[in-house]
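Subject: Structure handover

Hi,

Here is the structure for you to look over. My notes on the ligand site and the pockets follow below.

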Amino acid sequence: MGHFEERFAAARRAVIARDFKRMNPPQLEAVLTTEGPLLLLAGAGSGKTTVLINRVANLLRYGRGSDSQELPMDATEEDLAFLERYPADPTAEERARMEELCAIGRAMPWEIIAITFTNKAANELKDRLQRMIGESAADIWACTFHSACVRILRRDIDKLGVYTRDFTIYDTDDSKRVIKDITKSLELDEKAFPQREVLSVISNAKGRIQLPESYAAQAAKTGDWKQQRIAKIYAEYDRRLREANALDFDDILFKAVELLGQSQEVREYYQRKFRYVLIDE
Ligand SMILES: Nc1ncnc2c1ncn2[C@@H]1O[C@H](COP(=O)(O)OP(=O)(O)O)[C@@H](O)[C@H]1O
Ligand SMILES: [Mg+2]
């Protein structure tokens with residue numbers, strides 16, 4: 001029986017591979033590896049996004065079929081022979097039987113999230129997924145880190161108890177305006193506290209998930225006068241954004257991390273929802 005299982009899994013992987021003829025050997029290896037973490041390193045234009053798209057197609061069509069030793073419950077010698085001799089030009093019926101024999105736990109489009117860094121890359125990803133797999137691509141979360149976080153927050157940010165789900169997003173110009181206003185009201189010299197610089201200090205603090213109180217405590221410890229003023233600006237900036245039910249670009253990531261950390265319900269929802277997480281750097 002061990003021998004039968006091995007032959008069946010090998011035949012299945014070989015038949016599935018025939019759907020991905022355009023891939024070179026390392027690309028094919030990545031496309032057919034569906035389980036566990038996988039890291040792909042290759043230069044620009046070498047075919048990484050192509051792998052991601054084909055991998056999604058494989059997950060939707062065959063689930064973990066190419067990467068599993070599990071057999072269909074009632075697999076027979078005849079099924080194995082069929083796969084080992086699967087024709088180059090199958091009839092629709094043969095094709096359907098093959099897919100039936102090869103698929104194990106097909107992924108649903110909404111169980112897949114594919115994330116990139118830029119809007120341009122996200123749009124390219126959406127277009128290419130659509131071309132590869134058709135309209136069901138619309139149910140895949142193909143987006144940037146920021147837009148994935150916005151979606152998560154639009155659904156549940158009220159659970160943090162501070163914002164409502166119709167929150168506003170401040171762009172850099174909005175944020176600069178708020179900083180300008182705060183420096184003025186604190187009677188600080190704008191030249192000593194340029195908005196861009198202040199924002200970048202705040203942004204770095206947020207990147208470290210450092211709240212205004214903790215930043216202020218750190219500034220107090222160092223005794224640095226400028227840092228202490230920036231701590232004041234940060235605290236006031238934070239207060240004003242909350243009051244306006246507004247998030248800046250950093251908050252979008254920061255609050256999503258906070259929400260997933262704080263709410264077990266939200267965390268488990270996404271852990272269950274996303275069976276496959278793919279990132280295109
Ligand atoms: N195995 C392949 N055979 C032929 N063309 C390929 C192959 N893999 C990728 N390409 C093409 O090469 C170009 C760059 O691929 P892409 O996946 O966008 O690269 P990357 O994401 O690594 O920058 C695309 O036009 C793609 O269609
Ligand atoms: Mg790419």
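The shell around ligand 1 has two nonpolar, eight polar and three charged residues. Bear in mind that this is a predicted model.

**Ligand site**

There are 13 residues around ligand 1. Arg 22, Gln 27, Gly 45, Lys 48 and Thr 50 come nearest. Helix α3, residues 48–62, gives the largest share of this shell, with three residues.

Some polar distances to check:

- Gln 27: a polar side-chain atom lies 2.7 Å from a nitrogen atom of ligand 1.
- Gly 47: a polar backbone atom is 3.0 Å from an oxygen atom of ligand 1.
- Thr 50: a side-chain N or O atom is 2.5 Å from an oxygen atom of ligand 1.

On its own, ligand 1 has 560 Å² of accessible area, and the protein covers 61% of that.

**Largest pocket**

Its volume is about 410 Å³. It is lined by 16 residues; Leu 38, Leu 40, Leu 52, Ile 279 and Asp 280 are the closest to its centre. Helix α3 turns up here too: α3 and β5 (276–280) are the elements that give two or more residues to the lining. By class, the lining has eleven nonpolar, one polar and four charged residues.

**Second largest pocket**

This one holds about 250 Å³ of space. Of its 13 lining residues, Ile 113, Ile 115, Ile 152, Leu 260 and Phe 274 are the closest to the centre. At least two residues each come from β1 (112–116), α7 (145–156), α12 (249–262) and α13 (264–273). The largest share is from α7, with four residues. The lining has eleven nonpolar residues, one polar and one charged.

Best wishes

Key
Residues are numbered from 1 along each chain as its sequence is written. Chains are lettered from A and ligands numbered from 1 in the order in which they are written. This is a predicted model: local features need pLDDT of at least 70, side-chain atom pairs count only at pLDDT 80 or more; totals for chains, interfaces and linings use all residues. Side-chain values use heavy atoms; hydrogens and water are left out. A residue is near a molecule or strand if one of its heavy atoms lies within 4 Å of it. A polar contact is a pair of N or O atoms within 3.5 Å; within protein, one must be able to donate a hydrogen and the other to accept it, and residues adjacent in sequence count only if both atoms are side-chain atoms. Accessible areas come from the Shrake-Rupley method with a 1.4 Å probe; for residues, only the protein chains shown count as cover. Ala, Val, Leu, Ile, Met, Phe, Trp, Tyr, Cys and Pro count as nonpolar, Asp, Glu, Lys and Arg as charged, and the others, Gly among them, as polar. On a 1 Å grid over the protein atoms alone, a cavity is a set of points where a 1.4 Å probe fits but cannot get out, and a pocket is an open set with protein on both sides within 12 Å along at least five of seven lines; lining residues have an atom within 4 Å of a point. Grid points are joined across faces, edges and corners, and a volume is the space filled by probe spheres set on the points.
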